[in-house]
Every structure is written in C-alpha cells, then in structure tokens.
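Biologist: I'd like to learn how to read a model like this one. Could you take me through it feature by feature?

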Amino acid sequence: MSKTACPMCEMTDVLEHADRYECVTCGHEWEREAAAAAPDAPRVVKDAHGNVLADGDCVVLIKDLKLGGGNQVFKGGTKSKPIRLVDGDHEVDCKVEGMAIKLKACFVKKA
Ligand SMILES: [Zn+2]
C-alpha cells in the first residue's frame, strides 16, 4: 500500500518521473521531494561515552584540544559552561575558560 496518491484528486494513477510525479487522472504534477518534507527527527548528540547531551548540560574535555592553530590549548578534564547544541560537525557550542568555542561531541563527556 505504498502507492503514491495525487494530492489533488487522491487517485493513485500516478506516473513517476525522475524528479516529479504526474497524475494521470487530473494532470497535476508535483515534486518527488514533497512527500518526504516531514520535519527532521529531533537531533540526538552523544558524548564520547554515548550519553545523550542536551542544551544546558556541562561537559568535560576528555583530551587536550588545540584551538586557533595551537595557540590555545584546553587541557583534558577542563569543564565547560552550560552547552548549546548546534548544527554542524562541531555540535557543542559552549564557553571554556571564558572563550566561546565549538567542540565535537566525541571529544567531551557529560559532566
Ligand atoms: Zn490528480
């Protein structure tokens, strides 16, 4: 029962093109993407130990991290201020020792 139905007339006589559907019954055409435009599932960010991180958690660095070309080094064990989760490959936005930085979740653990 996964047959595509036309959003206009709800008939299932639908032609599948590479990038769109076309309804044979009423002639309506629509993008293939449209059906998959559901909101993304809530993002789950996990720390180095697999614990789920949330906004407002504090994290501890599990290893020394060099930032800014090595001028600034944060030692493993340094604790952050409450974090904010953001998009991108550095998911953890926080302040460490007064500096606003972004960290990869795999380099921290929940405090
Ligand atoms: Zn139709």
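This is a predicted model: local features need pLDDT of at least 70, side-chain atom pairs count only at pLDDT 80 or more; totals for chains, interfaces and linings use all residues.

Biologist: What share of the 111 residues is buried?

Modeller: Buried residues account for 24% of the chain's 111 residues. As for contacts between residues at least 6 apart in sequence, 35% of them link residues at least 24 apart.

Biologist: Are the cysteines Cys 23 and Cys 26 buried or partly exposed?

Modeller: One of each. Cys 23 is buried, at a relative accessible area of 1%, while Cys 26 is partly exposed at 42% relative accessibility. Away from those two, Cys 106 is also partly exposed, at 44%.

Biologist: With cysteines about, how many disulfides does the count give?

Modeller: A disulfide is a covalent bond between the sulfur atoms of two cysteines. The test is a pair of cysteine sulfurs within 2.5 Å, and the count here is zero disulfides.

Biologist: How many aromatic pairs are there?

Modeller: There is one aromatic pair. It joins Tyr 21 and Trp 30, whose ring centres are 5.4 Å apart and whose planes meet at 35 degrees, so the pair is tilted. Tyr 21 and Trp 30 are both buried.

Biologist: Tyr 21 makes me curious about its surroundings. What does Leu 15 touch, beyond residues up to four places away in sequence?

Modeller: Leu 15 touches Arg 20, Tyr 21, Glu 22 and Val 24 on that basis. You'll find Leu 15 in strand 1, residues 14-16, and it is partly exposed at 41% relative accessible area. Thr 4 is 11 residues from Leu 15 in sequence, with 9.2 Å between their C-alpha atoms.

Biologist: Now a loop, please. Where is Thr 78 found?

Modeller: Thr 78 is in the loop between strand 8 (72-74) and strand 9 (84-85). A polar atom of the Thr 78 side chain lies 2.6 Å from the backbone oxygen of Lys 75. Beyond four places in sequence, Thr 78 contacts Val 59, Val 60, Leu 61, Val 96 and Glu 97.

Biologist: Last topic: backbone angles. What should I look for in phi?

Modeller: Most residues other than glycine have a negative phi. Glu 97, from that contact list, has a positive phi of about 50 degrees without being a glycine. Glu 97 sits in the loop between strand 10 (92-96) and strand 11 (99-103), and it is exposed at 58% relative accessibility. Glu 10 also has a positive phi, near 65 degrees.

Biologist: Where is Glu 10 placed?

Modeller: Glu 10 lies in the segment before strand 1. Glu 10 is exposed, with a relative accessible area of 64%.

Methods. Residues are numbered from 1 along each chain as its sequence is written. Side-chain values use heavy atoms; hydrogens and water are left out. Buried means under 20% relative accessible area, exposed over 50%, partly exposed in between (1.4 Å probe, protein chains only). Helices (H or I, at least four residues) and strands (E, at least two) are DSSP runs, numbered from the N terminus. A polar contact is a pair of N or O atoms within 3.5 Å; within protein, one must be able to donate a hydrogen and the other to accept it, and residues adjacent in sequence count only if both atoms are side-chain atoms. Contact means heavy atoms within 4.5 Å. Rings of Phe, Tyr and Trp (its six-membered ring) pair if their centres lie within 6.5 Å; planes under 30 degrees apart count as stacked, over 60 as edge-to-face and the rest as tilted.
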